Amino acid sequence: MKLQPKLLAAVAAVAMGMCSSSAFAQQKQLTLCWAAWDPANALVELSKDFTAKTGIQMKYEFVPWPNFAQRMLNELNSRGKLCDLLIGDSQWIGSAATEGHYVKLNEFFDKSGIKMADFAPATVEGYSTWPKGTANYYALPAMGDAVAFTYRKDWFARPELQAEFKQKFGRDLAAPKTWDEFKQVGQFFQNRTIDGKKVYGAALYTERGSEGITMGATNAMYAHGMDYANPKKPYDMNGFINGAGAVKGLELYKELYDTVTPPGHSNAYMTENLDAYKSGQVAMQMNFIAFFPGISKDPQVGGEKTGFFAIPKGSVQHAQLGGQGISVVKYSDKQDMALEYMKWFAQPAVQQKWWEGGGFTCLNEILNQPGFATSTSYAQVFQDSMKMVKDFWADPSYAQLLLAMQSRVHDYVVAGKGTAKAALDALEKDWVQVFKEDGKIK
């Protein structure tokens, strides 16, 4: 059938309208990039409310942790348009701000009534601010996190183990509060047989390739007074990263590796520690608190079988900061919609739901409300940990700094090369070279 001119025009108009509607629908979509883990799944569920409210569809690019940094940093460095929103690691903030990858958010925060004073101070400093100590913001605190421990509460409660431990150490077998207690408990369980199976003291971070052993060893080093540099003189590191406290803490971490970890636990990070714990190999497990909701629900070790405790004390007490802020990517063509998402996410009601769904809010209104500490089995540990966190360098050259520490610490702790003092002296020289090349020291 041959269409008449008027009919042809009508068909064409309908077709153009359909194309325009399709294009418009496609444009009302944001892509959020993050790591592939349980909190990301919780965010997918939470964000359905955003879509229902605004009509903006959400698409996600979640990358497994071992590949996350390389994949996302390559995307930023190539000025790619894959991500409209990016939940990036705390250490990225310096390079992302300096190199212009993230949108500066101060003006947006002011217009939207978002106040950084409403968020936990450590998360603002750790996730949002560059340079450190200034009020220049490039992210909204999104996912509070720190390193802490899980323990087999059911094993600790066994009367025969309680009696044996009390006779040996003169105290109850309980979640350790100090590093000395941690060593005692770990060594007590090492090579013990429980329910016919040989078990071990603790799963610690030892991974070399990305950041694992640094995220682990620093907890023991902080506890004995280590700092990265002189607080009064930037980039003056001698006597701080390699001072007596740092050396003592690193020596302790090696002793723990040698005496409380399972055989072959020489390149372990988040996943390997989870596997060791869930399979019943270890009495205690070091990991980020972000995994604790999943552990609490695990059919093998969840419920009353597991307890949680914060990083133990030394002369001081600090936990290695984890977690991330959410940023708008400078190369996105949808910055207005991305900012609309951020404004929605910052609302107290949304933050409450984020916490209830398995995310970790940084909003003081939620963290400080009556009953928060008892709202879950791990809430108290999260609340306590976020008040004592410290972070690795967030300097734009953090990758070179991190790889140097990974190498030096792993060679000493796992490979048994040299001494702690020699390893940290060499690390200090590595870092001096990095900062000289950056022009930050002469």
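Me: In what order do the strands of the open sheet with β6 and β9 run?
Reply: The order is β6-β7-β8-β5-β9, five strands with mixed pairing. Helices (H or I, at least four residues) and strands (E, at least two) are DSSP runs, numbered from the N terminus, and two strands pair if DSSP finds at least two bridges between them. This is a predicted model, in which local features need pLDDT of at least 70 and side-chain atom pairs count only at pLDDT 80 or more, while totals for chains, interfaces and linings use all residues. Residues are numbered from 1 along each chain as its sequence is written, and side-chain values use heavy atoms, with hydrogens and water left out.

Me: Which strands stand at the edges there?
Reply: β6 (192-194) and β9 do; each has a single partner strand, so one side of each lacks a neighbour in the sheet. From one strand to the next the twist averages 40 degrees; angles run from 0 to 180 degrees between N-to-C directions, and axes are lines fitted to C-alpha atoms, for helices over the stretch in contact.

Me: In what sense do β7 and β8 pair, parallel or antiparallel?
Reply: Strand β7 (residues 197-203) and strand β8 (residues 282-288) pair in the parallel sense, over three bridges. A203 stands opposite Q285 in β8.

Me: What about aromatic pairs: how many are there?
Reply: The count is 46, where rings of Phe, Tyr and Trp (its six-membered ring) pair if their centres lie within 6.5 Å; planes under 30 degrees apart are stacked, over 60 edge-to-face and the rest tilted. Among them are Y151 and F309, with ring centres 5.8 Å apart and planes at 55 degrees, so this pair is tilted. Y151 is in strand β5 (residues 147-152) and F309 in strand β9 (residues 306-309), so the pair ties together parts 158 residues apart in sequence.

Me: And the sheet containing β1, what is its strand order?
Reply: That open sheet has five strands in the order β2-β1-β3-β11-β4, with mixed pairing. Its edge strands, β2 (57-63) and β4 (140-143), each pair on one side only. The twist averages 30 degrees from one strand to the next. Strand β1 (residues 29-35) pairs with β2 in the parallel sense over seven bridges, and A35 stands opposite V63 in β2.

Me: Which strands does α6 lie across?
Reply: Helix α6 (residues 121-128) lies across β4 and β11 (324-328), at about 100 degrees to β4.

Me: Turning to helix pairs, at what angle do α18 and α19 cross?
Reply: The axes of helix α18 (residues 398-413) and helix α19 (residues 420-437) cross at roughly 165 degrees and come within 9 Å. That makes the two roughly antiparallel; angles under 35 degrees count as roughly parallel, over 145 as roughly antiparallel, 65 to 115 as roughly perpendicular and the rest as oblique.

Me: Which residues make the contact?
Reply: Contact means heavy atoms within 4.5 Å. Among the residues involved are L401, M405 and Y412 of α18 and L427, W431 and F435 of α19.

Me: And at what angle do α11 and α18 cross?
Reply: Helix α11 (residues 244-260) and α18 cross at roughly 50 degrees, their axes coming within 9 Å, and they are therefore oblique to each other. L250, E251, Y253, K254, Y257 and D258 in α11 meet V409, Y412 and V413 in α18.
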